[in-house]
Amino acid sequence: MAHYTLLDQSSLEALLRAYPLGPPRDVRPLDGGKANSSSLFTTDSGTYVVSVCDEKRPEDLELLTRTLVHLENHGIAATRLVRTTDGLSFIEYGGKPLYVKEFIEGTVPDYLTPGMVRQLGAALARLHAVSPPPYLPEVFSYGIESFTEITSDTGPFACWLKDKTQRLFQCLNEELPRGLIHGDLFPDNSVFRAENLAAILDFEEVCCYYLIFDLGMCAAGCCCPDGTLSLPLTAALVAGYQSLRPLADLEKDLFKLHLEYGAVATSFWRYRQFNIRFPDLGNKSLYREMSELADQVAGISNKTFISEVF
């Protein structure tokens with residue numbers, strides 16, 4: 001099992017003395033994080049979220065927090081960082097980096113309408129217009145470059161992943177536009193108010209990578225109700241995106257493959273997380289949802305996909 005860090009009232013009070021926020025009250029843990037532990041709390045100055053990053057190094061948090069400031073400076077509706085009294089973007093707790101952010105009012109959707117998905121597409125296009133800072137990594141943290149962690153094994157999933165890896169090498173086309181990507185825009189990383197997008201959250205996988213991969217990953221997470229790809233929802237996502245950034249012909253040609261890539265990468269992450277790094281009986285089979293989606297996407301003819309999505 002993964003060992004996540006839970007903050008009690010007294011621990012949080014001690015930690016927050018480093019911040020100009022005042023004493024916390026109404027502290028409660030937040031669900032949803034698979035690689036960190038977060039709690040919601042209120043002070044006289046507002047409502048905030050504190051996150052302990054159980055699987056990130058201090059240098060990872062330095063990159064993340066610098067990027068959040070970069071996005072804020074470019075007007076992106078995203079997580080807003082709270083600095084300490086000394087101007088630090090994060091501190092350490094129990095050997096793990098911790099940071100505080102403003103709470104964004106709204107709800108994390110259980111279901112996305114075509115209009116909501118279209119807004120997510122437009123939000124991705126706005127994000128992709130932001131120039132990537134030079135310190136961003138140029139590989140995706142659990143992309144094809146890391147699949148060898150498992151493909152050297154001989155089990156069924158490793159064999160499946162090895163086959164997919166051969167197929168997905170077409171995605172690594174250096175003529176594709178690259179830039180700042182979110183990398184994990186699933187519904188639980190968005191906040192809506194009355195079906196209006198308020199913000200994008202959790203830029204922990206931010207990097208400089210293929211822009212079309214980001215759109216494909218978003219489609220894998222946001223256009224597949226009940227684990228089945230919806231071509232109408234995918235079309236809504238693409239329409240929202242292209243309303244601000246038209247896709248190049250090569251991006252259109254490789255979009256379906258990058259959607260499959262997003263599903264494979266997510267399946268890989270879940271398998272590694274819950275079967276190798278932190279074995280978890282309750283989540284050990286969670287990877288299958290995305291591996292099945294990847295196979296489904298691969299089975300859609302290019303002609304059908306192009307005609308219904310574009």
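Colleague: Taking buried to mean under 20% relative accessible area, exposed over 50% and partly exposed in between, with a 1.4 Å probe and protein chains only, how does Arg57 count?

Modeller: Arg57 is partly exposed, as its relative accessible area is 47%. Please keep in mind that this is a predicted model, in which local features need pLDDT of at least 70 and side-chain atom pairs count only at pLDDT 80 or more, whereas totals for chains, interfaces and linings use all residues. Residues are numbered from 1 along each chain as its sequence is written, and side-chain values use heavy atoms, with hydrogens and water left out.

Colleague: Which residue does Arg57 meet in a salt bridge?

Modeller: Its partner is Glu59, at 3.4 Å from N to O, where a salt bridge is a side-chain nitrogen of Lys or Arg within 4 Å of a carboxyl oxygen of Asp or Glu. Glu59 is partly exposed as well, at 46% relative accessibility.

Colleague: And how many salt bridges are there in the whole structure?

Modeller: The search finds 14. One of them joins the side chains of Arg270 and Glu289 at 3.1 Å, and this pair links distant parts of the chain, with Arg270 in helix α8 (residues 249-277) and Glu289 in helix α9 (residues 287-298), 19 residues apart. Helices (H or I, at least four residues) and strands (E, at least two) are DSSP runs, numbered from the N terminus.

Colleague: Is Arg270 buried or exposed?

Modeller: Arg270 counts as buried, at 11% relative accessibility, while Glu289 is partly exposed at 37%.

Colleague: Changing topic, which residues make up the largest nonpolar core?

Modeller: The core holds 83 residues, and those with the most contacts inside it are Phe147, Phe203, Tyr209, Leu215, Leu229, Phe255 and Tyr261. Helix α8 gives the most to this core, with 11 residues. By nonpolar core I mean a set of buried Ala, Val, Leu, Ile, Met, Phe, Trp, Tyr and Cys residues joined through side-chain atoms within 4.5 Å. Another core, of 14 residues, lies apart from it and includes Leu12, Leu21, Tyr48 and Val82.

Colleague: What is Tyr209 in contact with?

Modeller: Leaving aside neighbours within four places in sequence, the contacts of Tyr209 include Phe140, Leu172, Pro177, Arg178 and Tyr261, where contact means heavy atoms within 4.5 Å. Tyr209 also belongs to an aromatic cluster whose members include Phe140, Tyr210, Tyr261 and Trp269. Rings of Phe, Tyr and Trp (its six-membered ring) pair if their centres lie within 6.5 Å, with planes under 30 degrees apart counted as stacked, over 60 as edge-to-face and the rest as tilted.

Colleague: Where does Cys224 lie?

Modeller: Cys224 is in the loop between α6 and α7, and with 12% relative accessibility it counts as buried. Not counting residues up to four places away in sequence, Cys224 touches Ala219, Leu229 and Leu293. Its C-alpha atom is separated by 23 Å from that of His128, which is 96 residues away along the chain.

Colleague: Which residues of α3 are buried?

Modeller: His128 is among them, together with others including Met116, Val117, Leu120 and Leu127. Elements covering the buried residues of α3 include α2 (58-73), β8 (190-193) and α7 (231-242).
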